Amino acid sequence: MNKIENILLSYWNGKKKLWKAFWLMGFVFQILLFFFSIFIFYIGTLIGLTWSIQITIFLISIIYTVWIYVSIWNCAYNVKNVFWGHIARFYIIFNILLIILIYTGVIQIDYENVINR
């Protein structure tokens, strides 16, 4: 477990390259986490633990989101061209604002029409 902790902390503390934080941990790992969440939800549904599994998936998602946003923010300037660091930080700010606007109801998503299309 110590090796995994060191890897996670190195991203959190901004010691890794931005492309690794953004593309590997922020994109590829997020896709893997998504499929893992679907698998866990499916297993939970089969054994009747729907609400507890949903809460667990929600908590894991929140923890991952905070970790990856902080990691990308802290690794932003570990690049040759500072422009990419600015873009990465803009991306984080934009996503946080979007999350706030969606959860406060300022921006509403019509999920029924999205699913039915």
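Modeller: Let's start with Asn-95, which sits in helix α4. Helices here are DSSP runs of H or I with at least four residues, strands are runs of E with at least two, and both are numbered from the N terminus. Keep in mind that this is a predicted model, where local features need pLDDT of at least 70 and side-chain atom pairs count only at pLDDT 80 or more, while totals for chains, interfaces and linings use all residues. Residues are numbered from 1 along each chain as its sequence is written, and side-chain values use heavy atoms, with hydrogens and water left out.

Colleague: Why is Asn-95 called buried?

Modeller: Buried means under 20% relative accessible area, exposed means over 50%, and partly exposed is in between (1.4 Å probe, protein chains only). Asn-95 has 15% relative accessibility, so it counts as buried. Its C-alpha is 9.1 Å from that of Tyr-69, 26 residues away along the chain.

Colleague: Which other residues of α4 are buried, and what covers them?

Modeller: Besides Asn-95, the buried ones in α4 are Gly-85, Ala-88 and Ile-92. Their cover includes α2 and α3. As background, an α-helix has 3.6 residues a turn, so residues three or four places apart point the same way.

Colleague: What makes something a nonpolar core, and which residues have the most contacts inside the largest one?

Modeller: A nonpolar core is a set of buried Ala, Val, Leu, Ile, Met, Phe, Trp, Tyr and Cys residues joined through side-chain atoms within 4.5 Å. The largest here has 14 residues, and Trp-67, Ile-68 and Ile-72 have the most contacts inside it. Two or more residues come from each of α2 (18-47), α3 (50-75) and α4 (82-104), with α3 giving the largest share, 6 residues. Not counting residues up to four places away in sequence, Ile-68 touches Ala-21, Met-25 and Gly-26, where contact means heavy atoms within 4.5 Å.

Colleague: Why is Val-66 not simply called buried or exposed?

Modeller: Val-66, in helix α3, has a relative accessible area of 43%, so it falls in the partly exposed class. Its C-alpha is separated by 9.9 Å from that of Trp-12, 54 residues apart along the chain.

Colleague: And why does Phe-29 get its class?

Modeller: Phe-29 is in helix α2, and its relative accessibility of 35% makes it partly exposed. Phe-29 also belongs to a nonpolar surface patch, whose members include Trp-19, Leu-32 and Ile-38, with about 1,100 Å² of accessible area together.

Colleague: Last one: why does Ser-10 count as buried?

Modeller: Ser-10, in helix α1 (residues 2-12), is at 13% relative accessibility, so it counts as buried. Beyond residues up to four places away in sequence, Ser-10 touches Lys-15 and Lys-16. Across the protein, buried residues make up 21% of the 117 residues.

Definitions and conventions. Patches are made of residues with over 30% relative accessible area and no salt bridge: like charges are joined within 9 Å, nonpolar side chains (Val, Leu, Ile, Met, Phe, Trp, Tyr) within 5 Å. Accessible areas come from the Shrake-Rupley method with a 1.4 Å probe; for residues, only the protein chains shown count as cover. A salt bridge is a side-chain nitrogen of Lys or Arg within 4 Å of a carboxyl oxygen of Asp or Glu.
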